[in-house]
Amino acid sequence: MKKKRMTVVRIVLTILFFTVQVFSLSSCGREESNLKNASGSAVGDNEPAQRSIFAMDTYMTITAYGEKKEEAVDVAVGEIQRLEKLFSAQNEDSEVAIVNESGSEILSEETGTLIEKSLSLYDMTGGLFDIAIYPLMLEWGFVNEKYKVPEKVQIDKLLKNIDASQIEYDKENRLITLPDEMEIDLGGIAKGYTSARIMEIFKEYGVTSGLVSLGGNVQLLGSRQDGSEWRVGIQNPDTESQDFLGILQVSDKAVITSGGYERYFEKDGVTYHHILDPRTGYPADRGLTSVTIVSDDGTLADGLSTSLFIMGKEDALAFWHRHEDEFDAILLDQDGKVTITEGLEEKFTSDIFSVTVEKREQKD
């Protein structure tokens, strides 16, 4: 029996740009995103090319400016649909589904690249980013919304196969081989890879300014039409609040957020969220409520947003110090305190949370 793909849902990010509206759909319901510039008025006479589609289990919006903006958006939509057919484990004809069924397959260049990046992230995060966690996600019901709290004996049994280091991958021939009983899913990295690919398409078509929002994974090309930075409002984890966690001003960046409240269920008064710790098989509980990663690399940002959430604040900041040149982060802990890394000190503001800046270490 074929299994449905794990859906990794990200917090819906609101981009303050100009006076149009788009809608994003997550597993927790539909949320309205207002696109406005800082003053709330339209920017210039150059109207964007814009398309919204449903793919990879979420609504996506592509926006572009430039002489070939319409062509760029059309090609981007086609690319999203093509990559979904490669990466979606619930599509029985996809490469990922075929690998899970057969245990071995020669991959296309794109899927091979994503496997390489996934295994690299596994090593980089000490095993916290693990594409082999799919059977556990299914057991908890986060794949098909048939939620349950598994028996510990079943979790322990599944954990024996949650180890991406056991995946054999021949880079030269793009041949992947999985151990028996192992299944993989690329949902924790595919959207970031896709948004990065769209940025490449934008550049190929001479797009001067643009963005893509893939279920809340946002990647930005250049700056706004008036030359100022994009203003990205990051949703408050308190879903009843109308306020943002804060506002981030950035250009040419991917901004990707993970939080335990994105997908969850309650059982006997206990809340269980979908970000599972591959070391324990249970929802991560290291004191963080949400993690936002800001990076030039959308694929990296996608993988790290979940991984740092699992690490917890102390380990996440230590990890950042080892990779200061690759990304910045916004961490919200369960006590309502926000910690940002130094690269965002002049970029991020919050009206409702106390913000602490983690400084770079002085090097001799």
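Which backbone oxygen does the side chain of S295 reach? In this predicted model, the side chain of S295 comes to 2.9 Å from the backbone oxygen of E326.

S295 belongs to strand 16, which covers residues 288-295. Leaving aside residues up to four places away in sequence, S295 touches K253, A254, L300, A301, E326 and F327.

Another residue, H274, sits in the loop that links strand 15 (270-273) to strand 16. In sequence, H274 and E262 are 12 residues apart, and their C-alpha atoms are 7.8 Å apart in space.

The table gives the relative accessible area of two residues.

| Residue | Relative accessible area | Class |
|---|---|---|
| S295 | 2% | buried |
| H274 | 4% | buried |

Both values lead to the class shown because buried means under 20% relative accessible area.

Helix 3 runs over residues 109-124 and has 16 residues. From its first C-alpha to its last, helix 3 reaches 22 Å, close to the 22 Å expected at 1.5 Å a residue. Its buried residues are E110, T111, G112, L114, I115, S118, L119, L121 and Y122. An α-helix has 3.6 residues a turn, so residues three or four places apart point the same way. The cover over the buried residues of helix 3 includes helix 1 (69-87), helix 2 (95-102), helix 6 (190-204) and helix 7 (298-311), along with strand 7 (168-170) and strand 8 (175-177). Just after helix 3, G126 has a positive phi of about 65°.

Key: Residues numbered from 1 in each chain as written. Predicted model: local features only at pLDDT ≥ 70, side-chain atom pairs only at ≥ 80, totals over all residues. Heavy atoms only, no water. Helix = DSSP H or I, 4+ residues; strand = E, 2+ residues; numbered from the N terminus. Buried < 20%, exposed > 50% of the residue type's maximum accessible area, 1.4 Å probe, protein only. Polar contact = N/O pair within 3.5 Å; in protein donor to acceptor, adjacent residues only side chain to side chain. Contact = heavy atoms within 4.5 Å. Expected span 1.5 Å × (residues − 1).
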